[in-house]
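Welcome to this short tour of a protein model. Have the sequence and the 3D view ready, and follow along helix by helix.

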Amino acid sequence: MKRTSIRYLAIGVGCAVLNNAVLIGADWAGLHYAAATAITFVTTVPLAYAAHAVYTFDAALSWRGLVRFVAGSLSSLLVAALMIALLRGMLGLPMVLAAPLATAAMVLYNFAMARWAVGKSKAP
């Protein structure tokens, strides 16, 4: 489990950096946070699935795993979008603060979702 956790965090950090870069860049370009969130979904989810399946959980890529990962990611997207709407839209925090705060809050949920979608690790 420790090896899986470390691998999850390594991939998660990379995905979080990509996610936050897209959100912040889109905000600076004048896009609404809802559009920015959609862009992060289509750019990050396929990469995250492949990386978590192969590296984090030592599992084969499969359509079933991808579908489950996308389903879990859609629920995560909903929660993250609500958090961005709260932090950026209602509280008025700048996206440079709102995006990392929402990302940090999603770490445990996303780990559980990824493990469910991909399956149990075969790594020791």
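Let's begin where two helices meet: Tyr33, Thr37, Phe41, Val45, Ala48, Tyr49 and His52 of H2 touch Gly65, Leu66, Phe69, Val70, Ser73, Leu74, Leu77, Ala81, Ile84, Ala85, Arg88 and Gly89 of H3. Please keep in mind that this is a predicted model. From this contact we can move on to the helices on either side and to a few single residues.

**How H2 and H3 meet**

- The axes of H2 and H3 come within 10 Å, and they cross at roughly 145°.
- The crossing of these two helices is right-handed.
- Sorted by class, the residues in this contact are 13 nonpolar, five polar and one charged.

**Val45, a residue of H2**

- Val45 sits in helix H2. Is Val45 buried or exposed? Its relative accessibility is 9%, so Val45 counts as buried.
- Leaving aside residues up to four places away in sequence, Val45 touches Thr40, Phe69, Val70 and Ser73.
- Val45 and Cys15 are 30 residues apart along the chain, and their C-alpha atoms are separated by 8.6 Å.

**Asp58, between the helices**

- Asp58 lies in the loop between H2 and H3.
- Most residues other than glycine have a negative phi. Asp58 is not a glycine, yet its phi is positive, at about 50°.
- With a relative accessible area of 36%, Asp58 is partly exposed.

**Helix H3 from end to end**

- The buried residues of H3 are Gly65, Arg68, Phe69, Gly72, Ser73, Ser76, Ala80, Ile84 and Leu87.
- These buried residues pack against H2, H4 and H5.
- Val67 is also in H3, but Val67 is exposed, with a relative accessible area of 56%.
- Which distance separates the C-alpha atoms of Val67 and Val118? They are 9.8 Å from each other, while the two residues are 51 places apart along the chain.
- Just after H3 comes Gly92, which takes a positive phi of about 75°.

**How H3 and H4 meet**

- H3 covers residues 63–90 and H4 covers residues 95–105; their axes come within 9 Å and cross at roughly 145°.
- This crossing is right-handed.
- On the H3 side, the contact is made by Met83, Ile84, Leu87 and Arg88, and on the H4 side by Met95, Ala98, Ala99, Leu101, Ala102 and Ala105.
- By class, this contact holds nine nonpolar residues, no polar ones and one charged residue.

**The buried side of H4**

- Which residues of H4 are buried? They are Met95, Ala98, Ala99, Ala102 and Thr103.
- Why are they on the same side of H4? They cover an arc of only 125° around the axis, and therefore they share one side of the helix.
- The buried residues of H4 pack against helix H1 (2–28), helix H2 (33–56), H3 and helix H5 (107–118).

Note on methods:
Residues numbered from 1 in each chain as written. Predicted model: local features only at pLDDT ≥ 70, side-chain atom pairs only at ≥ 80, totals over all residues. Heavy atoms only, no water. Axes fitted to C-alpha atoms, helices over the stretch in contact; angles between N-to-C directions. Helix = DSSP H or I, 4+ residues; strand = E, 2+ residues; numbered from the N terminus. Left-handed = near helix turned anticlockwise from the far one by under 90°. Contact = heavy atoms within 4.5 Å. Nonpolar A, V, L, I, M, F, W, Y, C, P; charged D, E, K, R; others polar. Buried < 20%, exposed > 50% of the residue type's maximum accessible area, 1.4 Å probe, protein only. Arc of directions from axis to C-beta.
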